[in-house]
Amino acid sequence: MTALLDRPAPVAPPPVRDRRRWAWALGALALVGWALAASGLFSGAVLNPGGTAQFGRFASAALRPELAPGFLAVVGESVLITLAYAVLGGGLAVLLGALGAVALARTTWGRRRAGRLVARGVLAVPRGLHEAVWGLLLLNVLGLDPWVGVLAIAVPYGAVTATVFAGILDEVPRGGFDALLAAGAGRGTATLYGLLPHATGSLLSYAFYRLECAVRSAVVLGLIGAGGLGYQLSLSFTSLRWEQVWTTVYALAVLCLAAEAAGRAVRRRAADPRPGAGRDPVLAGAVWAVLALTGWAVWFLALSPATLVSARAREQLAHVLSAAWPPATDRELLADVLTAAVDTVLMSVLAIAFATSGAVALAGLAARPRSAGPVRRVAGGVVRTALLLLRAVPPPVWALVLLFVLLPGVLPGALALGVYTLGVLGRLVGEAVEESDQRPREALRAAGASPAGAWLYGTVPSLAGPVMALACYRWEVAIRDTVLVGLLGAGGIGVLLSASTASFDWPAVATVLAAIVVLSFAVDLLSEGARAALR
């Protein structure tokens, strides 16, 4: 016993600092500094004083939206068109994602990594192009047909959904799957009975999240002529009827709120199913509601599958493909593409830096408190409503508004994306706060710390990793959104795409599209590396 007492107490090993995190942090700071310098914020004129009065008229119209019965009827019909596109596009994306997940999952390929890498490479093309780009391409093949809006949402979302679904299937417990394989079952049967039951909740949750996103994408497609609320918003904005613009924006906000509330309820029920072996009436009802809406949307849009295989569609597709090959490779175009790609990256970096800073600043108010006074609840409601309005308005509209007071370039596009992304990140970070461990904060409050101090030392440290991971994920999305903002002249590679498409210069279009895919893939790899360093 004496010998044991005489031994020195064990010394805890010193904390190991992951140098990769320091490298990523310094790299991120350098990139943000470069983006700020390139935006001209500190070195040149960025303000447009002549647009201040117009911006004031736009802002003041928020308090007096257009409420004429005739215009409200037009907005109501636009809501139905947007909803129909979202339901069909999102539903088809989930179906394509379920099929694509089989081709991407490690479970399907086993140790044959080459096949899985090829499948990932094939799906990188539809993932890398924004739905608005798909809309422009499909418009040249199918003309003004409802299939343009549906497929423009379904194709890129289907590729994204396939990637996420494959990841879910690869992460569930594999005991049942391995047992079925050992018993002689095929991989398909083993996946169906050994993996799918464990993954159903997560798959259903993400499917409804994709339906929420499809509502916003349907609005964006309206800006390029697909109809719906986005088209009405474009018409009102072009004619400078700000009261009508705000009426449309409020309708957008209500539609987005309804989609988010329904999706959130389903995701919470899927994450915490009720006890018992019977079917959950809420989840079953949600599935049946989506099926009913799908049938209504097909009837409402008068979709005809024959359009996709018509002689005109085949001729147009053959013409576009033959005209686009080989892609243009002249030195002047490649130099312009490289310059625009750099501007695109800088624009996305500024947008994410702005949005992340704002989301962290508003996270405490955006989260729904478990217990709080009336003042705190009112403030939280105001912040959540403001964030909803920010993400309900598409980035191109924010770009057009900011171009009233800012000169064209990287800055207005970055701020437009930043404002929109703040609405999205603010919601996600608020939900992360709600799900975080509150015990350290409560212990600090019980010890006499101020609310701000308890938040700073009890909650913020546990949120650093999740917030940075969310920011990296949104950076991938922002790269694709910069193309959409650029289509309206706010800078970036979208400007080149818009000019090439307008002049029907298909070889140049092919070159620009290839550059967009490569850029998106490179950012995906960087983002994945950053998230790995944060784990």
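The points below take up confidence, then the nonpolar cores, then the cysteines.

This is a predicted model, in which local features need pLDDT of at least 70 and side-chain atom pairs count only at pLDDT 80 or more, while totals for chains, interfaces and linings use all residues. Residues are numbered from 1 along each chain as its sequence is written, and side-chain values use heavy atoms, with hydrogens and water left out.

**Confidence**
- The mean pLDDT (the predictor's confidence in each residue, from 0 to 100) is 79 for the protein, and 88% of its residues reach 70 or more.
- Among helices (DSSP runs of H or I, at least four residues, numbered from the N terminus), confidence is lowest in α1 (residues 2–6), at a mean of 44, and highest in α4 (residues 69–104), at 87.
- Over residues 1–13 the pLDDT is below 50, and this stretch has 0 contacts (heavy atoms within 4.5 Å) in the model beyond near neighbours in sequence.

**Nonpolar cores**
- A nonpolar core is a set of buried Ala, Val, Leu, Ile, Met, Phe, Trp, Tyr and Cys residues joined through side-chain atoms within 4.5 Å, where buried means under 20% relative accessible area with a 1.4 Å probe and protein chains only.
- The largest such core has 137 residues, and those with the most contacts inside it are Leu 142, Ile 493, Leu 497 and Ile 516; helix α15 (residues 331–366) gives the most to this core, with 15 residues.
- A second, separate core of 6 residues includes Phe 208, Leu 211, Val 266 and Leu 283.

**Cysteines**
- The count of disulfides (pairs of cysteine sulfur atoms within 2.5 Å) comes to 0.
- The sulfur of Cys 213 lies 10.0 Å from the closest cysteine sulfur, in Cys 256, which is too far for a bond.
- Cys 213 is buried, with a relative accessible area of 8%, and Cys 256 also counts as buried, at 2%.

Notes: Helices (H or I, at least four residues) and strands (E, at least two) are DSSP runs, numbered from the N terminus. Buried means under 20% relative accessible area, exposed over 50%, partly exposed in between (1.4 Å probe, protein chains only).
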